[in-house]
Amino acid sequence: MRRAFDRWAAPSLLGAGGLLVAVSTLFSAGSSNGRLVWVGLAAVVVAAVVGACAFLGLPRPALSREAAVALSLLVAFVAWNGVSVLWSIELARSWDYFNRGLVYLALAAVGVAVGSFVPRAASAWAYVLAVALALPLGWALLTKAVPAIGSDTGRVARLSAPLGYWNALALLFAMALPLALWLAVRREHAHWLRALGVVYAYALVVGLLLTYSRGGVLAGGVAIVLWLVLGRPRVESAAALLLGGGAALGVAVWAFSRPGLAEDGQASSVRAHDGAWFAVVFLLAALAVGALAYLGSLVEERRPLSDRRRLLVGQAALAVLVVGVAAGLIVLAVESKPQGWFKEFAAQPTNAGAQEGPGRIINASSSSRWLWWKEAWQAFEKQPLHGTGTGTFELTHRLLRTNSIVVTEPHNVPLQFLSETGIVGLLLFLGFLAAAALGVVRAVRRLEGVDAAVALSVLAVAYLLHSLVDFDWDFVAVSAPFFMSVGVLLGGGVVRDESRPWLAPLPVVAAVAIALSLLTPWFAKRDTEAAISALADGRPQQAYRDARDARSLNPLALDPLFWQAAALVQLGDFQGARQLYIDGVKLQPLNWRAWYYLGKFEQGQQDYGRAIPALKRAVELDPQGSQAQEELAAVTKLAP
């Protein structure tokens, strides 16, 4: 058994980790919870198997002190998220966010297993991760070349598939950049692989620019700078960037000039025409970049540069890069006027559509982020210790917002944790990051394949930097590569302990508990959707049963309760329906939806004396919301 385990553990874990990341990036459906359940279940199963095997006397990961502290603090942070359900202002959403934390914890555990069992784990994982991140890149660019296969490319020109959100996609490309450069510059790599790495970097920069994401471009730029500072060899890195990045910039600038590629709402014929030309231009440039990179690699091998010439070439390449960056900064300064940067950054946008073209890359507006950050800070000031409950910022935002924009998170992960989990939650998460950073730094110094470890470390920094301007925690597509890569770097080999078979069921029991936590809201949502369908088909009794089942599975959610009440209305049990709507208000008294549906029900019963106070409360909890205001205005006119 031990021989079989030793033979198959490393490749199985490596393949499972790569598959988890690939599925997360291709099929996670953006920030939704539905697909997250299945990614989480798979990760939990892998982690449980590793844990059970350890108690049976098989090898287990040998954790350093920093790794043990980091994982312990991550467990504590996720547990605190779960405890926050007790005081949450939106109970069901807090449960969902607790489950999301459990998934990320399981992914980190799988990463630790990969880093412990796989020989030369950093290099092996870098290869697998580079392939996994290339898949969404290829799909995204394909939707631009063949618009018919993309579901959203007709409405918005910004590159977003397969994640559904351009900023998250841009972060994914920025995270892959150090991996591409690592492939392109390592001298032990085959010539074709080095050339492929340069082409990979070229494609990533094209994709990054076509997302029009300022945060993504910033994260990518920082990743490149960090790689140039920490990675080796620098000369080849600068040359690869100059070749791949220069070609990518030319292709992107050309694409920005084509209406079918850069402007929203274009006719399908225009998008198809420009998409076909994009495919031609992109592929021709890729072939040229690959050929030049391959020839350069061959020449370097046959006629290696002297140290002096290498230094000169490196200085020349870096000089060109510096000049390019300086030119970009000058353009930014001219276009956005530095003296008014903060004013523009903090201003509330008056015409969001005007900022959706390529020109938004040099626009200094925060796109309302400054307002959301202030709202999150206000929520923290009111509940500084424990926050309002994980995942509840939307209700806080609705209470404090000054425009009609609705967001679920403040687009800043530390502020998100501060407002939702309080200072306790934020300190636990920052403690995890600090311990993990210390462990990663020490791992980079001792691991073989050190430059692969550097690439993975830079990837993690890009994720953390981008999380300051977006809600990356909501996207398993970008969080899975981060947590698994950190886990790989924290893995420190294996040790064998005495067999303790009586403890082997513990990981299985924990996995079953996590699986129940993940699946219960999912099944409840399915029953709720069944109730909606039955009600639309004129089957109120079946709708009532389905909604009742959903409510029994997830008693924290409002939707099952609302649809159960709607079924009772069709069945003529108005008193029972009223009680259910009242139960909704008691369940989530600070949720505008509970008061709105209660008021709407009372309006339907023509009981305006009860409807008006409920609708007024809904308006108080969401002053900028049109639904409650319109309903209140209508009821006020009808009231005697």
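The model is predicted, so local features need pLDDT of at least 70 and side-chain atom pairs count only at pLDDT 80 or more, while totals for chains, interfaces and linings use all residues. Residues are numbered from 1 along each chain as its sequence is written, and side-chain values use heavy atoms, leaving out hydrogens and water.

- You will find Asn412 in the loop between helix H15 (393-400) and helix H16 (413-446); helices here are DSSP runs of H or I with at least four residues, numbered from the N terminus.
- Asn412 is buried, at a relative accessible area of 9% (buried means under 20%, exposed over 50% and partly exposed in between, with a 1.4 Å probe and protein chains only).
- A polar atom of the Asn412 side chain lies 2.8 Å from the backbone oxygen of Leu468.
- Leaving aside neighbours within four places in sequence, Asn412 is in contact with Trp373, Ser467, Leu468 and Asp470 (contact means heavy atoms within 4.5 Å).

**Aromatic rings**

- The structure holds 31 aromatic pairs: rings of Phe, Tyr and Trp (its six-membered ring) pair if their centres lie within 6.5 Å, and planes under 30 degrees apart count as stacked, over 60 as edge-to-face and the rest as tilted.
- Tyr165 and Trp166 form a tilted pair, 6.1 Å centre to centre with 40° between the planes.
- Trp370 and Trp373 pair edge-to-face, 6.4 Å centre to centre with 65° between the planes.
- Trp370 and Trp373 are separated by about one helical turn because they are three residues apart in helix H14 (residues 369-382).
- Trp370 is partly exposed at 27% relative accessibility, whereas Trp373 is buried at 14%.

Definitions and conventions:
Helices (H or I, at least four residues) and strands (E, at least two) are DSSP runs, numbered from the N terminus. A polar contact is a pair of N or O atoms within 3.5 Å; within protein, one must be able to donate a hydrogen and the other to accept it, and residues adjacent in sequence count only if both atoms are side-chain atoms.
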